[in-house]
Structures are given as C-alpha cells and as structure tokens.
Amino acid sequence: MSSFTQSAKEMFTTTTSSKKVDDLQRDIQEPVAGGGLTTDHGVKVSDTDNWLKVTDGHKSGPSLLEDQIAREKIHRFDHERIPERVVHARGAGAHGYFKVYDDRASKYTTAPVLTDSSRSTPVFMRFSTVQGSKGSADTVRDVRGFAIKFYTDEGNWDLVGNDIPVFFIQDAIKFPDFVHAVKPEPHNEVPQGQSAHNNFWDFVGLQPESAHMVMWVMSDRGIPRSFRMMQGFGVNTYTLLNSKGERHFVKFHFIPELGVHSFVWDEALKICGQDPDFHRKDLNEAIENGAYPKWTLAIQTLPESREHEFDFDILDATKIWPEELVPLQEIGELVLNRPVDEFFSETEQVAFCTSHVVPGIGFSDDPLLQGRNFSYFDTQISRLGINWEELPINRPVCPVLNHNRDGKSRHRIVKSEINYWPNRKDTGRPVAPADGGFVEYAQRVEGIKQRARGEKFQEHFNQAQLFYNSLRPHEQSHLISAISFELSHCEDPVVYKSYINVLNDIDFELAKTVAVNVNGDLPDKPGRPNHGQKSKSLSQTYYMPKEPTIVSRRIAILVADGFNAVEMQAVRAALTSAKAVCYIIGPRRNHIRPAAGQDFGQGVFADHHFEGQRSTLFDAIYIPSGEEHVKALAKNGRAVHWVREAFGHCKPIGAVGDGVNFLREVVRLPGVKLFAPSHGSNDEVVSSYGVVTTGQYSISSAATDVLKIGPDTKGFASNFAYQISQHRCYERESDGLVEMVAF
C-alpha cells in the first residue's frame, strides 16, 4: 500500500498544476535538509535552544531582554493565532478544478466559468462543521459547510454553500439569534460540537420556519460518511444574466460521484473519540491515493415569468425547489486533486464572500442572501484585516487594479503617483460592460418601506412533511432516534415538551413516537394533516452511483498468526484492483506469520493492531481462513467485538473457510445464513444480510472471479465488493437483527 500511495503522491504533484497553483508558488518556501536557520530579518541564528543570560557556566542567572533572537521567537509564537470563525471554525480544504461539459448554460448566462468548455477553472474548496470550535470533532451531527472559490479569468467567484439545501432562518437579521442559540450555552460553554441542548431546541421550537431544516439535520444527512460523499448546495437563490439581457433565477447543486452516504449514530459518536480528525484524514487519503473526489454541478433555473407560480416563495431559503417542478440540468464537474501544502496559510486563511460573483452571475432578493452579502465581507475584515484579499490563497489569478490603498498588512506595491479617479493619466478607468465590466440587472423595484415578509414566507410545514415522507423506512427511523437523542439532552421540560407540538405539525406518528421516547405530551390528533406527497430525490438512496463502485472504501482484514496468506493476497488484490484501500489488522503492529507451508518471509506486516483501531474507521471487514489464526481470534475479545460492532453498524462482512466458522461459533450473528459444506461445493458463495461467505478462495477461485461489481455476480470477491458498494445493509435494522447484538 505504501508504494502505491507514494506513486500516487508523485503522480498528483506533477499533474495538478493550475493557474492558482502556479500563482501560489511565488509564496511557497520548501526547506531543504541541512538548510541554515535565520531570523525573520534574515540574520543567521547560531543557537535556538538557549536564551541569552548571565551565567558563570555553573549557575544560571537572569535572562537578558536584549536577546532579539529569543524575543522574536516568543513574540511570533504569541501571535500565531488569528480569531477563529464564529461558525464553520473547524474545516478542511483542497485544491482542484472545475470544467463545464459544453456551452449548454449559455442560454442562461454569459459567465465563461459556466459556459466555456475549453477552460479548466482552478478552485479551492473548504468543508466545515458549523457549531463547534476548531478543536471539535469531525463526525458530530451538524450541517457541513461546502464553500468553493473559483479563480476565474474574470475574478474570484465564491459559492458559499452547505451540504443541506435549506437553512434555519428566512431573514439574515435572525443570524445572531440562531448562532447564539446553537452555540454552547453562555453560562458554561456547553455543549461543544452539537445542538443537543436547551437553547437550540428552545429557539427552533419558537421559530417554526426552522422546521424544514431541522428535519434535514436530524436525518442521516447530519452525519456524513465523508466530505466526498456529501451533496453540496448554494442554498440561496442567485440569478443568471444572458447575452440578451434576460434574467433567470438559479439554484446550484453538486452531486457526488460516490453517492450520498452517512454514518450510523453509534458509529459517529464513537469516532468523535477514536479519531476526531476522521473526515480530514479521509479527504487527504483519497486524494493522495489518486481517488480524486468528484461532483457533478447541476443547476435549476427559472425565468422571471415563473417566479410566482408556486405555493412557496422561490426566494425563501427555508424551501427547496422540488425537482419534479424544476428539473436539474447537469452542466459540469468539480474535481479535487491536490491537498494543501500548509493548513494555516491555505485552509485557515481562505475567506469566502457570497458577494463575490463575476459578470453573468448576480443576486436575487432572497433576504438571507442579502444579509450574507453584507456579513461575510465584514467578517473577513474582522478576522484577517482589510487587505485579506491580498493573501496568497485569496488573491485572484486575473489582473487586479484599483485605487484602494494602504491598511494593515498591505502586500501589494503600486508603482504610481495616481490613487484616484478620474485622473490625468486615465489610469484605473471603469471598464465598459461590452469589455467585461460588471453590470447589475436593471430590475424594477416598487413597494412600501417596512419590516415585513411576503405571504408565502408564512408557511413552514409543507416541505418539512415532503422531506419526511420521502425518506426510506430506515431513514425515518434514524431521524426519529436523532430527535429523541437531542431532546433527551434538554433538561428543561418546557423545551422538549413544546417541540412535540412542532413535530405534530409535520407528522402525527412522528410526534407520538418522539413524545413517548422523551416524556413529552402525547398528542391526541395531528396538528395539521400530512399531505402525503413525496419527492424521490430527497432520500439519500436516490444518489447511489450509476455504476457500483468501491473506490476509496476502507476494508479491514483481520488476521492472526496462522492465517491463509495466499487466499488473503488474492482477495486483497481483487479489491485493490477496484481502488479499495485494504488494511491488515492483527494482534500487533508487526509481521504476522502465515499458515504453515506458506512462504512469505517474515510474514505479512500489519498496518494496525486490534486495540489501535476500531471497526468504526472502516467500511467493511474480511476474515480469511486459517485454523490457527481463527483460534487466536476466538480468544481475543477485541477481535470478536470488531466483527459484532461492524455487524451492528450494518457494514459488509466477508469470511472464507475457517473464518466462516469463527462467525458461526464465536461471533454468532443472528438471523444470518452462512456457508456450510452441505450447501454444495466449497466455492459456493452465500450472501445474507450483507455477510458474504464461502468455503474456500483458491488460486483457481481467483482466476474465475474476475472482479465485476454487480448484484448477480457469483465469485466471493465480486459478491463482497458489491455489498461494499451498497454502503450498508439496513435490512439488519429493519428486521431486528441489530438490536440482538451487543456492540
């Protein structure tokens, strides 16, 4: 695996250059082995371990303030941190590119980034959680930020979205209230990285416009398996302007190539402690292994003439545009292919503004967007200073010329005596629209100045019902459990009892079930009828990849001394040929001896030991054959727990020969049909509830088991790979098997 990873690293470092990567090179320093140490002002340092002090060589005296080298070192350390983001503080980022398929979007916009297929636009993308601080865990239940900076030839375009298409509030004036409510409570700074507390549920219970968003966050969408397996949404309604001067409203959608997948709650909770950086590592691991994260960009568009034809307001950020009413149009792809070189300079200092658009893209009267346009720019000034757009990660790749001057941390040096317009040298003149100058759409506006919202903004439950109705049974069950978990952490009865009333306006059975779980007041009738409508694209299962794939899936191979290494190598080769990533897990992080008669030198080196990792960090488990190795596993409680936990988390499990006996006699998976010799030949494959077993996997088995991932495959590796491609077997939950296993 290490040689493959090294090859992949060498590949992406030589093939992922772009205008932005080239632009960053002038600020990148690559220290070389043996290079000398200097101060910030360039003086070579002879001793960086001892402060200059008064001493006779035996007894230490006072340190001297005159030591500029020591003072600089301490001063720089004291000022390394900048204010963290109020929200979206914890993030991870990567470089990549965006490219449209053709000019199909030219009927809506003149923006070349969306219409010129000859371009490959550099991008930087930052994923984040919302509630927690920089030190919180990756796998908490939360909204995920999905922010993209497009470095176009016409300037930077920032699309600052989330992994959920709606938001908690309609009007930006409620931002401070919402953020104060969801953040840790002010009297004790608790809880960190989660919304399971009184203030959040008090707020959303009294703010019914949040009902739709609460459904999304409490669904499986709130605990994504990977940044690479999330949808992305622009959230707000933007506009596009075409060459005829016609305006269309637009929503932006990003659909992941790998499908939309999530953790189960028990798994997400455990990973918070076992590997709080799981998502960050996952992103880098995929890129470094050449499994580049990829999304399809799709747009929903509406001409101005259709703005008012729906029962919801298209400018309301708490509403989606159902795809049955406004179909998606796929126009391009986004690919991430390069990790950052330094986290702080890139991921931490990158700054996004919803107000940063390019000609051909504009704003609607979405009241949430209008406020974001003000707030985001102001926020970046607070964090980074007025010259934040001159930082390497934020500066455009196109020429920049204006009369803005000075300010803290100014980088650019303008060699001119002119800093105003108009001027005698015609320097820095406005650019005509025909030459690419930005022009606002000539929108007619009339009305009365007042603090009010439109009539359609007053309806809050139709789409919350639509979302809940559209979920598969296991998804609904997870949502009920999530809300029950959150409300059970609210100590104030007023809070958890009152939210039952909100749920009762969404679905009567939902409200009753949660009320029983959290000791709420049991409603005796629905707050309002559930309309029963569904939208198929609201379930995660709708986004399974067009072709089943196990690319970048992490597979744990459990071994002990005496395992069948020949078989293991054959299965591993088949899985890695489909770009899965296999890890050997053994009783120690060292060489594990194969079965007698198998010549593997010192043995096979284990990547981790049983206590050093957990099943939660992998997508599937495989147990090879080998009588001695299975006896050792049977005596190891942690190894047994690995398998039971994976089963409880609905993950695929594969076993061969003696490994099947281990499942049958030691792990004892309830309700699962396993291979037995009486079933036929030893090559027969039995698949039951995502558990794939067979009697043997020999060289001849491998020769006939050409890996083809699909539902009707016959070979062990192919069958196991198909189960992995399905992510999980949720039938274990629905059929009651999970609750029969302690994990």
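In what order do the seven strands of the open sheet run? In this predicted model, the order is E17-E14-E13-E18-E19-E21-E20, and the pairing is mixed. Strand E17 (608–609) and strand E20 (685–688) sit at the edges with a single partner strand each, so one side of each has no neighbour in the sheet. As for how such partners hold on to one another, strands of a sheet pair through backbone hydrogen bonds, either parallel or antiparallel.

Ser688 stands opposite Val691 in E21. The hairpin made by E20 and E21 has two residues between the strands, and Tyr689 takes a positive phi there, near 50°. Helix H16 (residues 565–577) packs on the sheet. The strands that H16 touches are E13 (554–558), E14 (581–586), E18 (620–623) and E19 (653–656), and the direction of the helix makes about 150° with that of E14.

Now for the empty space. Rolling a probe the size of a water molecule over the atoms shows where such space is left. The largest pocket holds about 1800 Å³. Its lining counts 44 residues, and those nearest the centre are Asp40, Arg76, Glu342, Phe344 and Ser345. Of the elements involved, H3 gives the most, with six residues. Sorted by class, the lining of the largest pocket comes out as 15 nonpolar, 15 polar and 14 charged residues.

The second largest pocket has about 1200 Å³ of space. It is lined by 33 residues, with Glu154, Pro399, Val400, Leu401 and Asn402 the closest to its centre. The class breakdown for this second lining is 13 nonpolar, 10 polar and 10 charged residues.

Then there are the cavities, from which the probe cannot get out. Searching the whole structure turns up seven of them at 30 Å³ or more. The largest cavity has a volume of about 120 Å³, and 14 residues line it. Nearest its centre are Phe233, His253, Glu323, Ser537 and Leu538. Eight of the lining residues of the largest cavity are nonpolar, five are polar and one is charged. The second largest cavity comes in at about 90 Å³. Its lining is made up of 14 residues, of which Gln131, Asp142, Val143, Phe168 and Val182 lie closest to the centre. By class, that lining splits into eight nonpolar, four polar and two charged residues.

Last come the aromatic rings. A pair of them is described by the distance of the centres and the angle of the planes. With centres within 6.5 Å as the cut-off for pairing, the count comes to 29 aromatic pairs. Take Phe716 and Phe720: their ring centres are 5.9 Å apart and their planes make 20°, so this pair is stacked, given that planes under 30 degrees apart count as such. Both residues belong to helix H21 (residues 716–725), and because Phe716 and Phe720 are four residues apart there, about one helical turn separates them.

Definitions and conventions:
Residues are numbered from 1 along each chain as its sequence is written. This is a predicted model: local features need pLDDT of at least 70, side-chain atom pairs count only at pLDDT 80 or more; totals for chains, interfaces and linings use all residues. Side-chain values use heavy atoms; hydrogens and water are left out. Two strands pair if DSSP finds at least two bridges between them. Contact means heavy atoms within 4.5 Å. Axes are lines fitted to C-alpha atoms, for helices over the stretch in contact, and angles run from 0 to 180 degrees between N-to-C directions. On a 1 Å grid over the protein atoms alone, a cavity is a set of points where a 1.4 Å probe fits but cannot get out, and a pocket is an open set with protein on both sides within 12 Å along at least five of seven lines; lining residues have an atom within 4 Å of a point. Grid points are joined across faces, edges and corners, and a volume is the space filled by probe spheres set on the points. Ala, Val, Leu, Ile, Met, Phe, Trp, Tyr, Cys and Pro count as nonpolar, Asp, Glu, Lys and Arg as charged, and the others, Gly among them, as polar. Rings of Phe, Tyr and Trp (its six-membered ring) pair if their centres lie within 6.5 Å; planes under 30 degrees apart count as stacked, over 60 as edge-to-face and the rest as tilted.
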